[in-house]
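Q: I would like to learn how to read a protein model feature by feature. Could we go through one together, with the general idea first and the particular case after it?

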Amino acid sequence: MKIKVVNKSKNPLPKYSTEYSSGMDLCANIDNDLIIKPLQRILVPTGLYLEIPEGYEAQIRPRSGLAIKFGITVLNTPGTIDADYRGEIKVILVNLSDTEFVIHNGDRICQMVFSKFEKIDFQLVETLSQSDRGEGGFGHTGI
């Protein structure tokens, strides 16, 4: 699939790190270092603008290394970039640790995965078919 991209950043285009990667790392596009204090959230620009084909979305997800090592994650995970959005991709990061974290220009801050989706039409009914699970949820199968 081809995705049109405008790169106004100082960084190379995102790419897959390994042959079977599903996500591409996005980099911070900043002039000065950003410090994220504990429990603080910030909006980090990437300098990237996309034209995503109809029927697809881009999902913004945390990088596992940043999450486990530093407590840095994407706040609205997964973040959705719709096919009709043409603005700059910006990422909401949050620091869930007890120490400050510094972001430098070019740091890999999240990953982006493209996903196909289908539009639906709701069909209003009075009842739903029965299933073995029924209304069981929120831990109904145990720990």
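Q: In what sense do β2 and strand β10 pair, and over how many bridges?

A: In general, the strands of a sheet pair through backbone hydrogen bonds, either parallel or antiparallel. Here β2 and strand β10 (residues 108-116) pair in the antiparallel sense over four bridges, and L26 stands opposite C110 in β10. Strands are DSSP runs of E with at least two residues, helices are runs of H or I with at least four residues, and both are numbered from the N terminus; two strands pair if DSSP finds at least two bridges between them. Please keep in mind that this is a predicted model, in which local features need pLDDT of at least 70 and side-chain atom pairs count only at pLDDT 80 or more, while totals for chains, interfaces and linings use all residues. Residues are numbered from 1 along each chain as its sequence is written, and side-chain values use heavy atoms, with hydrogens and water left out.

Q: Which order do the strands of the open sheet have?

A: The order in this open sheet of four strands is β2-β10-β5-β7, with antiparallel pairing. Its edge strands, each of which pairs on one side only, are β2 (24-27) and β7 (79-81). From one strand to the next the twist averages 35°, where axes are lines fitted to C-alpha atoms (for helices over the stretch in contact) and angles run from 0 to 180 degrees between N-to-C directions.

Q: How many bridges join strand β5 to β10, and how many join β5 to β7?

A: Strand β5 (residues 56-61) is joined to β10 by six bridges, the two running antiparallel, and A58 has F114 as its bridge partner in β10. Between β5 and β7, which also run antiparallel, there are three bridges, with T80 in β7 as the bridge partner of Q59.

Q: What pattern does the protein chain follow along the sequence?

A: The protein chain has one helix and ten strands, and read along the sequence these follow the pattern β-β-β-β-β-α-β-β-β-β-β.

Q: Where is S97, and is this residue buried or exposed?

A: S97 lies in the loop between β8 (88-95) and β9 (101-103). Its relative accessible area is 17%, so S97 is buried; buried means under 20% relative accessible area, exposed means over 50%, and partly exposed lies in between (1.4 Å probe, protein chains only).

Q: What polar contact does the side chain of S97 make?

A: The side chain of S97 makes a polar contact with that of N95 at 2.6 Å, and a polar atom of the S97 side chain lies 2.9 Å from the backbone oxygen of T99. A polar contact is a pair of N or O atoms within 3.5 Å; within protein, one must be able to donate a hydrogen and the other to accept it, and residues adjacent in sequence count only if both atoms are side-chain atoms. Leaving aside neighbours within four places in sequence, S97 is in contact (heavy atoms within 4.5 Å) with P38, L39, F70 and G71.

Q: What is the phi of L39, and which peptide bond is cis?

A: Most residues other than glycine have a negative phi, and most peptide bonds are trans. L39, although not a glycine, has a positive phi of about 65°; L39 sits in the loop between β3 (34-36) and β4 (41-51) and, at 62% relative accessibility, counts as exposed. The peptide bond from T77 to P78 is cis, with omega near -15°, and P78 is found in the loop between β6 (72-74) and β7.
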